[in-house]
Amino acid sequence: MNSSNKQLTKLLSAVFVTLIYIFLYLPIAIIVFFSFNSSKLNIVFQGFTLQWYGIMLQNTDLMSALENTAIVAVSTVVISVFIGTLAAIGMFRYEFRGKSIVDSFLYIPIVIPEIVMGISLLAFYHILNISLGITTLIIAHVTFSMPYVVVTVRSRISGFDMSVEEAAMDLGATRLHTLLRITLPIIAPGILAGAMLALTLSLDDVIVSFFTTGVDSVTLPIYIFNKVKTGVSPDINALITVIILITLLILVVMRTFEAKTSKKGLV
Amino acid sequence: MAQVSDKVMVELRNVDKFYGANKVVKNLNLQIREGEFLTMLGPSGCGKTTTLRMIAGFEAVTSGAVIIEGENVGNKAPYQRNVNTVFQNYALFPHMNVYDNIAFGLTEKKVKKEEIRQRVGEMLSLVQMDGYEKRMPSQLSGGQKQRVAIARALVNRPKVLLLDEPLGALDLKLRKQMQVELKHLQRQLGITFVYVTHDQEESLTMSDRIAVMNNGILEQIGPPDKIYNQPATKFVADFIGESNILEASVGSVDGDSLNVIFETGSAEVSAAGFSQDEMVYISVRPEKLKCSAAAVPGFNLRGTVKEHIYVGSIIKTIIELPNGQDLKMSLLAGTPLIAPGEVVWVYWEKDGTVVLHTHEETLYNLIEQVPKIEVSV
């Protein structure tokens, strides 16, 4: 192959990669761009303004939706991380009759269509006569987040030589101390990854939430979803920009943590 | 320098370990004395690691008793036993630096900070790892990890140190060096070492006594020279060092002298406790095997020189018997060699052979009482 051909290949691959990234990020960039648009229409840019951020903050419906989302997300993360981590440790450590069946059933919520899960949860709550609200929403979110925690924690455990637990007990540590001083710190990156997944899943869930939420517990995605039907107002653009910012922040925190742990030889 | 005392430190009494139908350890009886370096030797799957884990408390015995310092520790958890383990893969805590790894056992026992610092420091210099306190395990080489693992166990001043193939992952040169260091360490501290390995050479180098295990059974226990020179079973003869094992039947018994008949010849050997027509194994070490152009009195066994293999300071000569069995003979390099293809008379040195019963499985409980077996021409 001659050098001009090589250069052409290089150029083409650069163009290709650029196009992929434009495809991925242009829509997001447009939303951010229009959040600073003084026009009410998402078509033409009339001038720079921050007014939509102010309007967003004064929108009480929006703010209460944000609050609901935060409550549900945090509760979901805490509960699913607790149950999921214990499940992963238990599944890794103990052998029992019917383990493979119990194990497979753990992961079904990952593959089951959300619409099926939403409807079945709604029916379930209805049969038990539980009125819809924040609690039902949290239960629903835990149901679909928890398997992801199990998956991430378990992959962390099985990739690790757990004879360190025996070493700890050999050196005089009780089971509880072994868990606190050895097992948990070692699987912490898996727990963190699971928590992040649970957080994002809970934050942007529409379908399951749509079926399991009550009138007084509308979350952000559902609020936006409902608003879109009547046209996206620029304050939603502002909100989305804020969410993107928060997501980026979480990503940076996670990468820093990863870098720190890999430096310590944990990854 | 500490000496092996008569006090029994660890005793296994009629210990069985079964996983369902899989009998991993069968009726094991073993006494390990204070200050002793005992090696459990055997091929993988022979039950040696399981035995070690039963002493440590990671596995429960199916039946029988594990007694440490006169106390039955059967229902005690690992953290309640005054023994520490060095694991095959080191099992260092990856999220702690060298100092915290070594200090772990002491912090669990709530030893004062000042004393911990002092004892960890002593251990670091004992294993020659001064200055490595702040390193993480991932930044250490295999040999360094091993030293930290040893220090982490020894800092607790255990009565017994259990070592599960601790040098298995190291390269040959480092392994040889660590063998010597471990042996010195054991002598210096006077702690009982129970050392598991499948490397027979390693066991011969380091041990006060070797316990040879096979298929969950203790085949023989004794000092290295006795294990090597007077193997009690065919397995031991075969597993420790190299051996030529010939099947034979006892032709006639005349006092302590036996006439044994091979498929392709015969020989006079002296051994007691054998009866006429009994099937036996004759085990001959390669360095004791000889050959000659002329017949040797007492021997009637011929073979063809097949090839010579140079192994550094010695030369291995393969002699093929008429029935196709190969015999290994080792000679010092420089000895005049017989050309391949020549037919020679095979014989061996007086003290170079052991006669073994073929029904060895009935023998393992009598091993300590097996009389000294000698073969003369």
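Predicted model: local features only at pLDDT ≥ 70, side-chain atom pairs only at ≥ 80, totals over all residues.
Trainee: Which residues of α4(B) meet α2(B)?

Mentor: The crossing of these two, α2(B) and α4(B), is right-handed. From α2(B) come Val98(B), Asn101(B), Ile102(B), Phe104(B) and Gly105(B), and what they meet in α4(B) is Val148(B), Ala151(B) and Arg152(B).

Trainee: And by class, how many residues of the contact of α2(B) with α4(B) are nonpolar, polar and charged?

Mentor: Gly counts as polar in this scheme, and Gly105(B) is one of the residues on the α2(B) side. By class, the contact of α2(B) with α4(B) comes to five nonpolar, two polar and one charged.

Trainee: Over to chain A: is it a compact globule or more spread out?

Mentor: Chain A has 11 helices and zero strands. For 267 residues the globule rule gives 18 Å, but the radius of gyration of chain A is 23 Å, well over that, so chain A is more spread out than a compact globule. Along the principal axes, its C-alpha atoms fill a box of roughly 75 × 70 × 30 Å. The answer, then, is more spread out.

Trainee: What is the orientation of α3(A) to α6(A)?

Mentor: Helix α3 (residues 60-93) of chain A and helix α6 (residues 134-158) of chain A have axes that come within 6 Å and cross at roughly 40°. That makes the orientation of α3(A) to α6(A) oblique.

Trainee: What hand does that crossing have, and how do the residues of the contact divide?

Mentor: α3(A) passes α6(A) in a crossing that is right-handed. The contact of α3(A) with α6(A) divides into 19 nonpolar, nine polar and one charged.

Trainee: Which helix gives the most to the side of chain A that touches chain B?

Mentor: The contact takes 18 residues from chain A and 23 residues from chain B. On the chain A side, α7 (163-170) and α8 (175-203) each supply at least two residues. With six residues, the helix that gives the most is α7(A).

Methods
Residues numbered from 1 in each chain as written. Chains lettered and ligands numbered in written order. Left-handed = near helix turned anticlockwise from the far one by under 90°. Helix = DSSP H or I, 4+ residues; strand = E, 2+ residues; numbered from the N terminus. Contact = placed C-beta atoms within 7 Å. Rg over C-alpha atoms; globule rule 2.2 N^0.38 Å. Axes fitted to C-alpha atoms, helices over the stretch in contact; angles between N-to-C directions. Parallel < 35°, antiparallel > 145°, perpendicular 65-115°, else oblique.
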